[in-house]
Amino acid sequence: MLKRSTINASVSPKGSLETLSQREVQQLRETGSGSVYRLFRQCALAILNTGSHSDNAKTILEAYPDFEVKIHQQDRGIRLELLNAPADAFVDGEMIASTREMLFSALRDIVYTQSELENKRIDLDSSEGITDYVFHLLRNAHTLRSGVEPKMVVCWGGHSISSEEYKYTKKVGHELGLRGLDICTGCGPGVMKGPMKGATISHAKQRNLTGRYLGLTEPGIIAAEAPNPIVNELVILPDIEKRLEAFVRVGHGIIIFPGGAGTAEEFLYLLGILTHPDNQDLPFPVILTGPKSASTYLQQLHDFIGATLGEAAQQRYRMIVNDPAEVAREMAVGIKAVRQFRRERNDAFHFNWLLKIDESFQHPFEPTHDAMASLNLTREQPLHHLAANLRRAFSGIVAGNVKENGIRLIEENGPYEIKGDASIMAPLDRLLQAFVEQHRMKLPGGTAYEPCYRVVS
């Protein structure tokens with residue numbers, strides 16, 4: 001990645017931000033030594049780097065070694081001083097409005113998360129405590145809106161997709177927007193941008209001035225999936241597990257578009273939850289879709305689910321090929337059922353409290369070489385536990401592909417080793433090989449993809 005031109009600037013919040021305490025400011029000002037400062041610097045650089053064609057967090061960080069962000073407390077709140085920041089985030093010396101909003105959203109989330117952890121007001125040792133923590137993070141970001149009827153559609157898929165697949169996501173987003181539905185994605189490029197872009201046009205056609213484009217991310221992935229400028233609400237969750245739980249708690253239905261290892265991870269997470277016995281009767285519309293050119297990919301993913309998790313998991317979603325209007329109609333019908341279900345049980349529209357999420361899906365997974373080699377990928381476990389472990393396998397591959405720490409581990413110790421039953425490893429190997437052949441592991445162009453994993457049966 002070539003180093004781009006830089007700029008120095010001073011930026012104040014747009015709108016409002018809670019005044020930081022002197023201790024919080026001091027934590028962030030510990031240049032070069034404080035972990036909170038390093039975290040905010042990484043997220044800030046990713047946000048300022050919107051539009052980059054690199055999906056390698058390590059490369060992006062190394063391209064701006066002199067970038068600094070200083071936090072100054074003043075009578076009216078706070079001010080950020082940016083040194084050697086990417087110049088593309090500015091127009092005639094003024095920061096682009098969406099970038100400015102997201103920059104202070106990152107500061108808000110990181111400071112609040114750290115404050116909650118230090119004050120020990122949260123219980124991360126129980127499933128209920130983790131869910132409550134996710135709720136408070138979302139509420140602090142003003143994401144939860146009481147009384148608003150269900151209409152949030154989560155769109156999952158890859159940032160490394162073809163032009164035709166990207167155009168298809170825009171068409172689906174357009175159809176969703178025509179029906180008054182809002183969009184939530186991982187906030188980056190590709191599938192995370194297309195549905196939002198399509199919905200902005202249809203929202204304008206319908207004179208919908210309150211359309212929501214919610215982006216949920218986490219520090220380890222934000223550099224690889226820098227927020228796209230359409231996002232008008234950005235929330236940074238502490239880790240991938242909290243991010244995934246936020247998706248399924250605030251979303252009223254989910255659409256799976258073509259993608260790679262990250263999309264498979266999300267899909268397995270979702271199916272692992274929906275196949276839990278406690279969620280058997282809970283309505284949650286899920287659609288697997290793509291253009292005609294992606295039909296082979298869709299069938300491969302569908303076959304993989306059948307070979308590993310079985311027909312019970314396949315029955316929790318519908319596959320629709322090359323029909324954006326049908327996708328939107330099916331989702332609208334599904335969300336209507338969600339609305340009725342929650343009314344009958346007096347459950348909140350803005351947060352899915354009734355959804356059972358097993359603790360195996362909630363605790364952070366650190367993809368070290370030992371942890372990846374020790375994953376239980378056998379048939380001798382409940383279905384949702386197998387889904388949880390398969391999800392962890394894909395999470396490790398994502399880390400080795402695009403996350404700074406994962407990339408360094410692969411450079412130091414070689415590829416991860418993934419072991420398990422032959423009946424699971426064979427379809428897993430076939431799917432991963434298809435991802436590589438279809439260029440779904442990394443952004444197109446540049447050097448050939450070198451696998452960060454080795455499948456062993």
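Predicted model: local features only at pLDDT ≥ 70, side-chain atom pairs only at ≥ 80, totals over all residues.
## Cysteines, a parallel sheet and a helix pair

Cys43 is buried, its relative accessible area being 0%.

**Cysteines**

How many disulfides does the model have? The count is zero. A disulfide is a covalent bond between the sulfur atoms of two cysteines. The cut-off used for the count is a sulfur pair within 2.5 Å. For Cys43, the closest cysteine sulfur belongs to Cys187 and lies 10 Å away, which is too far for a bond. Cys187 in turn has its closest cysteine sulfur in Cys184, at 9.4 Å, so this pair is also too far for a bond. Like Cys43, which has a relative accessible area of 0%, Cys187 is buried with a value of 0%.

| Cysteine | Closest cysteine sulfur | Distance |
|---|---|---|
| Cys43 | Cys187 | 10 Å |
| Cys187 | Cys184 | 9.4 Å |

**The sheet**

An open sheet is built from seven strands with parallel pairing, in the order E9-E8-E7-E6-E10-E11-E12. Its edges are strand E9 (233-236) and strand E12 (318-321); each has a single partner strand, so one side of each lacks a neighbour in the sheet. On average, neighbouring strands are turned by 25° against each other, direction ignored.

Within the sheet, strand E6 (residues 152-156) runs parallel to strand E10 (residues 253-256), and four bridges join the two. Here Cys155 stands opposite Ile255 of E10.

Two helices lie across these strands. Helix H9 (residues 261-274) lies across E6, E10 and strand E11 (286-290), and its direction is at about 155° to E11. Helix H12 (residues 324-344) lies across E6, E10, E11 and E12, running at about 155° to E12.

**The H14 and H16 pair**

Which helix does H14 pass in a right-handed crossing? That helix is H16. The axes of H14 (residues 383-402) and H16 (residues 422-437) come within 13 Å and cross at roughly 35°. On the H14 side, the residues in contact are Leu386, Leu390, Phe394 and Ile397; they meet Ile424, Leu428, Leu431, Leu432 and Phe435 of H16. By class, the residues of this contact are nine nonpolar, no polar and no charged.

Definitions and conventions. Residues numbered from 1 in each chain as written. Heavy atoms only, no water. Axes fitted to C-alpha atoms, helices over the stretch in contact; angles between N-to-C directions. Left-handed = near helix turned anticlockwise from the far one by under 90°. Contact = heavy atoms within 4.5 Å. Nonpolar A, V, L, I, M, F, W, Y, C, P; charged D, E, K, R; others polar. Buried < 20%, exposed > 50% of the residue type's maximum accessible area, 1.4 Å probe, protein only. Pairing = 2+ DSSP bridges.
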